[in-house]
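Subject: Structure handover

Hello,

I am passing the structure on to you for your own work. Please look through the notes under it when you have time.

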Amino acid sequence: MARVFLVVMDSVGIGGAPDADRFFNGTRPDTGANTVLHIAEACAAGQAEDGRTGPLDLPYLSSLGLGQAVQLASGQPLPGDRVEPTGAWGAATEISNGKDTPSGHWELAGVPVPWDWHYFPDTIPAFPEDVVGAVCTAAETAGILGNCHASGTEIIAELGAEHLHSHWPICYTSADSVFQIAAHEEAYGLDRLLDLCAAIAPRLHAMKVGRVIARPFVGDPETGFRRTGNRKDFAIAPPGDTICDRAQRAGRSVHAIGKIGDIFSMHGIDEVRKGTDAQLMEHLGDLMDTAAEGALVFANFVEFDALYGHRRDISGYARHLEWFDGAISTLASQLKPDDLLILTADHGNDPSWTGTDHTRERVPVLVQGLGPKELGHIAFSDITGLVARHLELPE
């Protein structure tokens, strides 16, 4: 029985979203944003030489049709790409009114978001008094730190020492629909932080805030603070059955790699494996060897977005694309003849763009296992159809 490996390259957009003018980074609309194209152009111009050099080199993704997908999505050629595809390729367009992680993933899994997310204003304070009060009650503190839009690394550098003294949680948000809480993993306690996030998540979800995110960190004022790998997202549950639910109901095993389990609130998930992107690639390889017939393996590689997109690091993003291309190419040789590998994304995050928010873009759909063919312009939710048909899932 066939298996499907659905892999999300978080934020690897390819431009051309027809409604990009309705989404902004600060006051600049996302019109013209194109994550892959602009990285490739910077590489070709010698402007992405930190830790790498030369034109963007993605032989495996190109062989599946990445260049053709970029051209289809945005009408612009990918520099240096002259490869005739051996895979199936297309460009997917989102309909949900958001360029965030849950919206993209839920729609890829067949459930477009039926509501508008709640976003906190970029003011100080950012949070209403009743939310602050609920956090204080749950944390048993007299107040919170932060209460603003902030970079996660910058705010722990700024407030980490005060947090160690007061044990008040550091609360902040971003342009996404999120409420983030940072606390020292040892001095405050990881379990205490996770319990706090779990306690306030229902209140935030009722407001249609997409995620409450626990952001543990370690360190001290003398040596500096750094975030750990024990982040946990408390996401609002999808409003309908996803492809994970359908597969599980049909008796198939569903494996989540990375933050997929958090994004779907564990609905329809049998097993979760987490770690750095390098560790996630090892998990993916292991499941290619061991996942049962009929399994769905759903993976998210977040470091494109978290480490390079939001930080507007073009060289770093290019390095990670090239690492991913080599690693996934090696794993693809482990696929069984009836397996399907689908590579896609959930939104864009053009590192050449203004601001630090995601960018509204179409995303690539690159498939090994269907033979060479053009999928054309499709919807995010059409990827669910590819998965369901290959796994022969009932409606």
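This is a predicted model: local features need pLDDT of at least 70, side-chain atom pairs count only at pLDDT 80 or more; totals for chains, interfaces and linings use all residues.

Residues are numbered from 1 along each chain as its sequence is written, and side-chain values use heavy atoms, with hydrogens and water left out.

Pockets

A pocket here is an open set of points on a 1 Å grid over the protein atoms alone, where a 1.4 Å probe fits, with protein on both sides within 12 Å along at least five of seven lines. Lining residues have an atom within 4 Å of a point. Grid points are joined across faces, edges and corners, and a volume is the space filled by probe spheres set on the points. Helices (H or I, at least four residues) and strands (E, at least two) are DSSP runs, numbered from the N terminus.

The largest pocket has a volume of about 900 Å³. Its lining consists of 40 residues, and S174, A175, H310, T356 and D357 lie nearest the centre. Two or more lining residues come from each of β2 (24-25), α6 (152-166), β6 (170-173), β7 (178-184), β8 (211-220) and α11 (303-309). By class, the lining has 10 nonpolar, 16 polar and 14 charged residues. For these classes, Ala, Val, Leu, Ile, Met, Phe, Trp, Tyr, Cys and Pro count as nonpolar, Asp, Glu, Lys and Arg as charged, and the others, Gly among them, as polar.

The second largest pocket has a volume of about 670 Å³. It is lined by 25 residues, with T228, G229, R231, G275 and V302 closest to its centre. At least two lining residues each are supplied by β8, β10 (232-235), α10 (277-290) and α11. This lining divides into 5 nonpolar, 9 polar and 11 charged residues.

Helix packing

Axes are lines fitted to C-alpha atoms, for helices over the stretch in contact, and angles run from 0 to 180 degrees between N-to-C directions. Angles under 35 degrees count as roughly parallel, over 145 as roughly antiparallel, 65 to 115 as roughly perpendicular and the rest as oblique. Contact means heavy atoms within 4.5 Å. A crossing is right-handed if the near helix is turned clockwise from the far one by less than a right angle, and left-handed if anticlockwise.

α10 and α12 (residues 314-332) pack at about 15 degrees with their axes 10 Å apart, and are therefore roughly parallel. Their crossing is right-handed. D277, A278, M281, L284, G285 and M288 of α10 make the contact with H320, W323, F324, A327, I328 and L331 of α12. That contact has 9 nonpolar, 2 polar and 1 charged residues.

The axes of α1 (residues 35-44) and α12 come within 10 Å and cross at roughly 105 degrees, which makes α1 roughly perpendicular to α12. Here T35, I39, A42 and C43 of α1 meet I314, Y317, A318 and L321 of α12. The contact of α1 with α12 has 7 nonpolar, 1 polar and no charged residues.

α5 (residues 129-139) packs on α7 (residues 185-206) at an angle of about 140 degrees, with the axes 9 Å apart; the two are therefore oblique. This crossing is right-handed as well. The contact of α5 with α7 has 10 nonpolar, no polar and 3 charged residues.

Backbone

Most residues other than glycine have a negative phi, and most peptide bonds are trans. The peptide bond from I124 to P125 is cis, with omega near 5 degrees, and P125 lies in the loop between α4 (101-108) and α5. S11, in the loop between β1 (4-9) and β2, has a positive phi, near 85 degrees.

Regards
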